[in-house]
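Work through the exercises below with the model open. Try each task before reading its solution.

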Amino acid sequence: MKIICIGRNYVKHIEELQNERPDEPVIFLKPDSAIVLKKFPFVIPEFSNDIHHEVEVLVKINKVGKYIDTKFAYKYYDEIGLGIDFTARDLQAKLKEKGLPWEKAKAFDGSAVVSEFIPKTEFESLDNLNFELTNNGTVVQKGNTQHMLWKIDEIIAYVSQYFTLRIGDIIFTGTPEGVAKVNPDDVLEGFLEGKKLFRIQVK
Ligand code: ZN
């Protein structure tokens, strides 16, 4: 499986990093080796002094597809989850400056937290999902999918022009504002519509 991530999908997050608002979705990939194994902590890698949390709504693909039309995209997923796109912000800044790919800053081992998944039928509207991340019990990021520049179905249509989607692939749909550095002993918990979907310790 592969992980497809969308960058710059929430305006306030674009502003906090002083990035340009994109005309098209920004896409990058993470390998399956990026996923933090269940019950394992997130270990801060030696190559960074500034790992940021980015909490994001996840979509799990349930069917093979390419060139998917937006109006049929809903047929390609049944489940929604929550995750963290850990980012080595210091390294990413250097790569961005040089116009180089982001992979080292975004796709390293442990850079993807993936929660359990919930059937999408349990939610009234996927375009109005509240989610938040707490760090040691304090809310640090709070988002709602209504603020996404590109909605889930549009993302699937766009991404599938470039990459064949396969069963089990996971899409990270972008982070709202509030990204910040993590430190050893932090405990990060993710909530989707009030339900706790993951808890991860930082080491
Ligand atoms: Zn992200």
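Predicted model: local features only at pLDDT ≥ 70, side-chain atom pairs only at ≥ 80, totals over all residues.

**Exercise 1.** Find which residues coordinate the zinc ion, and state their spacing in sequence.

Solution. 
- Take the donors: Glu 54 (OE), Glu 56 (OE) and Asp 85 (OD) sit at 2.0 to 2.1 Å from the zinc ion.
- Write the spacing: E-x1-E-x28-D.
- Apply the cut-off: buried means under 20% relative accessible area. Glu 56 has 0%, so it is buried. Asp 85 is buried too, at 0%.

**Exercise 2.** Trace the salt bridges of Glu 54 with Arg 89 and with Lys 106.

Solution. 
- Arg 89 and Glu 54 have their closest N and O atoms 2.7 Å apart. Arg 89 belongs to helix α2 (residues 89-98) and Glu 54 to the loop between β3 (51-53) and β4, so the pair joins parts 35 residues apart in sequence.
- For Glu 54 and Lys 106, the closest N and O atoms are 3.2 Å apart. Lys 106 lies in helix α3 (residues 103-106), 52 residues from Glu 54.
- Both Glu 54 and Lys 106 are buried.

**Exercise 3.** Locate the partners of the salt bridge between Asp 169 and Lys 2.

Solution. 
- The closest N and O atoms are 2.6 Å apart.
- Asp 169 is in the loop between α4 (152-159) and β11 (170-172); Lys 2 is in the segment before β1 (3-7), 167 residues apart.
- Check burial: Asp 169 has 1% relative accessible area and is buried. Lys 2, at 19%, also counts as buried.

Terms used:
Residues numbered from 1 in each chain as written. Heavy atoms only, no water. Donors = N, O, S within 2.8 Å, 3.2 Å for Na, K, Ca; no water. Buried < 20%, exposed > 50% of the residue type's maximum accessible area, 1.4 Å probe, protein only. Salt bridge = Lys/Arg side-chain N within 4 Å of Asp/Glu carboxyl O. Helix = DSSP H or I, 4+ residues; strand = E, 2+ residues; numbered from the N terminus.
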